[in-house]
Amino acid sequence: QVQLVESGGGLVQAGGSLRLSCAASGIIFSINTMAWYRQAPGKQRELVATISSGGRTNYADSVKGRFTISRDNAKNTVYLQMNSLKPEDTAVYYCRHPARDSWGQGTQVTVSS
């Protein structure tokens, strides 16, 4: 059974930074693509970034140049470094294992103006 546990969310001022972590268990982490999504109030959940087993990354246009996804296979953990945060980045951020369609519980990120 896949388990994904996010951490690192919080309240930050515009222009600030946060790093989210997602610890995975129940899978052979190193061979799997991982992803971060977010859902703002009243909006649909959207893809933020993905990272393949080989480290190839993709980003939503809205976060390119500001967010960086990375992974540490030794720790079974995927990260999302978020810099230059904007109020519109406020959302619940979710880690996802696409192959098993498994989701974490989410972590709240709030950016104040």
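1. The structure, a predicted model, holds 2 aromatic pairs. One is formed by Tyr 37 and Trp 103, edge-to-face, at 4.8 Å centre to centre and with 65 degrees between the planes. Tyr 37 belongs to strand E4 (residues 34-39) and Trp 103 to strand E10, so this pair ties together parts that lie 66 residues apart in sequence.

2. The other pair is made by Tyr 94 and Trp 103. Their ring centres are 6.3 Å apart and their planes stand at 85 degrees; since planes over 60 degrees apart count as edge-to-face, this pair is edge-to-face as well. Tyr 37, Tyr 94 and Trp 103 together form one aromatic cluster.

3. Tyr 37 has 15% relative accessibility and counts as buried, because the limit for buried is under 20%. Tyr 94, with a relative accessible area of 13%, is buried too. Trp 103, at 32%, is partly exposed.

4. The largest nonpolar core has 28 residues. Those that touch the most other members are Trp 36, Val 48, Phe 67, Val 78, Leu 80, Met 82 and Tyr 93. Two or more residues each come from E3, E4, E5, E7, strand E8 (77-82), strand E9 (91-97) and E11. The most come from E3, which gives 4 residues.

5. Val 48 can be followed in detail. Leaving out residues up to four places away in sequence, Val 48 touches Trp 36, Tyr 37, Arg 38, Asn 58, Tyr 59, Ala 60, Val 63, Phe 67, Leu 80 and Tyr 93. Among these contacts is Tyr 37, a member of the aromatic cluster. Trp 36, Phe 67, Leu 80 and Tyr 93 are also on the list of core residues that touch the most other members.

6. An open sheet is built from 4 strands in the order E1-E3-E8-E7, with antiparallel pairing. The edges are strand E1 (3-7) and strand E7 (67-72); each has a single partner strand, so one side of each is left without a neighbour in the sheet. On average, neighbouring strands of this sheet are turned by 15 degrees against each other, direction ignored.

7. Gln 3 stands opposite Ser 25 in E3.

8. Gly 106 is placed in the loop between strand E10 (102-103) and strand E11 (107-112). Its relative accessibility is 17%, and Gly 106 therefore counts as buried. Apart from residues up to four places away in sequence, Gly 106 touches Glu 6, Val 92, Tyr 93 and Tyr 94. Tyr 94 also belongs to the aromatic cluster. Gly 106 and Val 5 are 101 residues apart in sequence, yet 7.9 Å apart in space, C-alpha to C-alpha.

9. Ser 52 lies in another loop, the one between strand E5 (46-51) and strand E6 (57-59). Ser 52 counts as buried, at 15% relative accessibility. Its contacts, neighbours within four places in sequence left aside, are Asn 32, Thr 33 and Arg 71.

Note on methods: Residues are numbered from 1 along each chain as its sequence is written. This is a predicted model: local features need pLDDT of at least 70, side-chain atom pairs count only at pLDDT 80 or more; totals for chains, interfaces and linings use all residues. Side-chain values use heavy atoms; hydrogens and water are left out. Buried means under 20% relative accessible area, exposed over 50%, partly exposed in between (1.4 Å probe, protein chains only). Contact means heavy atoms within 4.5 Å. Two strands pair if DSSP finds at least two bridges between them. Axes are lines fitted to C-alpha atoms, for helices over the stretch in contact, and angles run from 0 to 180 degrees between N-to-C directions. Rings of Phe, Tyr and Trp (its six-membered ring) pair if their centres lie within 6.5 Å; planes under 30 degrees apart count as stacked, over 60 as edge-to-face and the rest as tilted. A nonpolar core is a set of buried Ala, Val, Leu, Ile, Met, Phe, Trp, Tyr and Cys residues joined through side-chain atoms within 4.5 Å.
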